[in-house]
Amino acid sequence: TTNGNTVVPEMIIVAIPNTNRTRDLTPTHTETDPFGGDASWLKGSGGGEKFNDFIEKELIPYIDKNYPTSSYRTFVGHSFGGLAVINTLLTRPELFDNYIAIDPSLWWDDQVLLRKAETVLSDSKFDNKSLYLGIANTMEDGMEIEDVSQDTARASLHIRSMLEFVETAEEQNDNGLSFSWKYYEDDDHGSVPLITEYDALRFFFSWYRFKELNQFFDPSSKATPDEFKSSIVAHYKKVSDRFGYEVLPPEAFVNSLGYEFMTPDKFEFSYAALQMNIENYPNSTNVYDS
């Protein structure tokens with residue numbers, strides 16, 4: 001709720017510094033550079049499954065043990081990291097609920113994940129899983145997104161591979177996967193991560209925000225304080241159902257409502273909000289102070 005934000009829930013961000021991205025973030029070993037360069041940098045590639053073992057068996061248990069976590073998780077990766085995100089979705093979908101693949105390197109190893117996606121997305125179920133794909137503008141000057149799929153140059157292999165994945169994912173629209181993507185015409189490979197993450201979180205949590213609020217501030221509204229409380233309770237019941245565990249109306253959010261309602265015709269709403277916080281957070285000194 002920093003700066004009054006109620007668009008997405010509070011989160012713990014776990015960043016994984018990487019010492020060898022080619023080793024840890026690629027799903028297969030290859031010694032062929034598709035762009036025709038020196039292939040020595042590919043030595044040691046293909047450690048993606050070992051890296052996922054680390055995430056599943058070491059990192060997640062450590063975070064769960066040392067921090068107040070939930071079982072609801074989002075996996076974010078850019079470039080080779082985006083490749084790792086797609087690979088994890090296809091091979092270990094149970095590890096995360098949401099997947100953000102930012103300009104992923106789906107050209108890897110003769111597009112090996114594209115072939116896997118065609119089978120896995122068709123044969124498997126991804127209920128309650130979401131994937132957002134952000135595509136940067138890496139085309140040569142003068143080329144349009146509508147035409148690049150017909151191109152055969154190595155320079156456009158990166159973006160063509162992602163567009164092929166989009167086509168495959170959209171064709172498999174009955175596997176339960178909630179999928180969305182966007183082409184960012186004004187962003188390149190380096191600038192696309194932040195805007196992709198922003199749009200992805202809005203896509204994932206479109207159901208999180210309490211959008212019925214304005215009606216209760218409307219001076220002409222006939223709504224009662226009890227209806228206000230019931231509306232909030234019902235909304236966070238739906239949020240709880242989506243997360244799979246109980247989510248109370250956030251203390252700071254409800255507290256702010258209590259102060260916002262402190263106008264001559266809304267005192268009863270203010271009291272209802274602040275009283276709700278006492279009921280939900282009886283051990284907080286702040287709710288009694290308010």
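This is a predicted model: local features need pLDDT of at least 70, side-chain atom pairs count only at pLDDT 80 or more; totals for chains, interfaces and linings use all residues.
**Overall picture**

The protein chain has 290 residues, and 45% of them count as buried. It holds 11 helices and 4 strands. Among contacts in the protein chain with a separation of 6 or more, 69% are between residues 24 or more positions apart.

Two packed helices are described by the angle between their axes and the distance between the axes. Two pairs of helices are treated here in that way.

Helix α3 covers residues 80-91, and its axis comes within 10 Å of the axis of α4, with a crossing angle of roughly 30°. Angles under 35 degrees count as roughly parallel, and α3 and α4 are therefore roughly parallel to each other. The crossing of α3 past α4 is left-handed. On the α3 side the meeting residues are F80, L83, I86, N87, L90 and T91. On the α4 side they are W108, L113, K116, A117, V120 and L121.

The second pair is α9 and α10, whose axes come within 8 Å and cross at roughly 155°. Since angles over 145 degrees count as roughly antiparallel, α9 is roughly antiparallel to α10. Here too the crossing is described by its hand: α9 passes α10 in a left-handed crossing. From α9, the residues E251, V254, N255, L257 and G258 make the contact, and from α10 the residues S270, A273, L274, M276 and N277.

One of these residues can be followed further. S270 lies in helix α10. Is S270 buried or exposed? Its relative accessibility is 4%, so S270 counts as buried. With its neighbours within four places in sequence left aside, S270 is in contact with G258, F261 and M262.

**Aromatic rings**

F261 also takes part in a ring pair. The ring centres of F217 and F261 are 4.2 Å apart and the planes lie at 10°, so this pair is stacked. It joins distant parts of the chain: F217 belongs to helix α7 (residues 214-217), while F261 sits in the loop between α9 (251-260) and α10 (267-280), 44 residues apart.

In total the model has 27 aromatic pairs. Another of them is formed by F35 and W107, with 5.0 Å from centre to centre and 75° between the planes, which is an edge-to-face arrangement. This pair also links distant parts of the chain, 72 residues apart. F35 is in the loop between α1 (21-24) and α2 (48-66), and W107 is in the loop between β2 (98-102) and α4 (108-123).

The table gives the accessibility of the four residues in these two pairs.

| Residue | Relative accessibility | Class |
|---|---|---|
| F35 | 34% | partly exposed |
| W107 | 8% | buried |
| F217 | 26% | partly exposed |
| F261 | 0% | buried |

The classes follow from the cut-offs, because buried means under 20% relative accessible area and exposed means over 50%, with partly exposed in between. At 34%, F35 is therefore partly exposed, and at 8%, W107 is buried.

Rings can also be joined into a group. Which residues do ring pairs link into a cluster? They are Y72, F205, W207, Y208, Y236, F243 and Y245.

K266 lies over the face of F269, 4.6 Å from the ring centre.

Most residues other than glycine have a negative phi. Two residues in this model are described here against that background.

D103 is not a glycine, yet its phi is positive, at about 45°. D103 is placed in the loop between β2 and α4. Its relative accessible area is 0%, so D103 is buried.

N128 is likewise not a glycine, and its phi is positive at about 65°. N128 is found in the loop between α4 and β3 (130-136). Is N128 buried or exposed? With a relative accessibility of 70%, N128 counts as exposed.

Technical notes. Residues are numbered from 1 along each chain as its sequence is written. Side-chain values use heavy atoms; hydrogens and water are left out. Rings of Phe, Tyr and Trp (its six-membered ring) pair if their centres lie within 6.5 Å; planes under 30 degrees apart count as stacked, over 60 as edge-to-face and the rest as tilted. Helices (H or I, at least four residues) and strands (E, at least two) are DSSP runs, numbered from the N terminus. Buried means under 20% relative accessible area, exposed over 50%, partly exposed in between (1.4 Å probe, protein chains only). A charge sits over a ring if NZ of Lys or CZ of Arg is within 6 Å of the ring centre and within 35 degrees of the ring normal. Axes are lines fitted to C-alpha atoms, for helices over the stretch in contact, and angles run from 0 to 180 degrees between N-to-C directions. Angles under 35 degrees count as roughly parallel, over 145 as roughly antiparallel, 65 to 115 as roughly perpendicular and the rest as oblique. A crossing is left-handed if the near helix is turned anticlockwise from the far one by less than a right angle, and right-handed if clockwise. Contact means heavy atoms within 4.5 Å.
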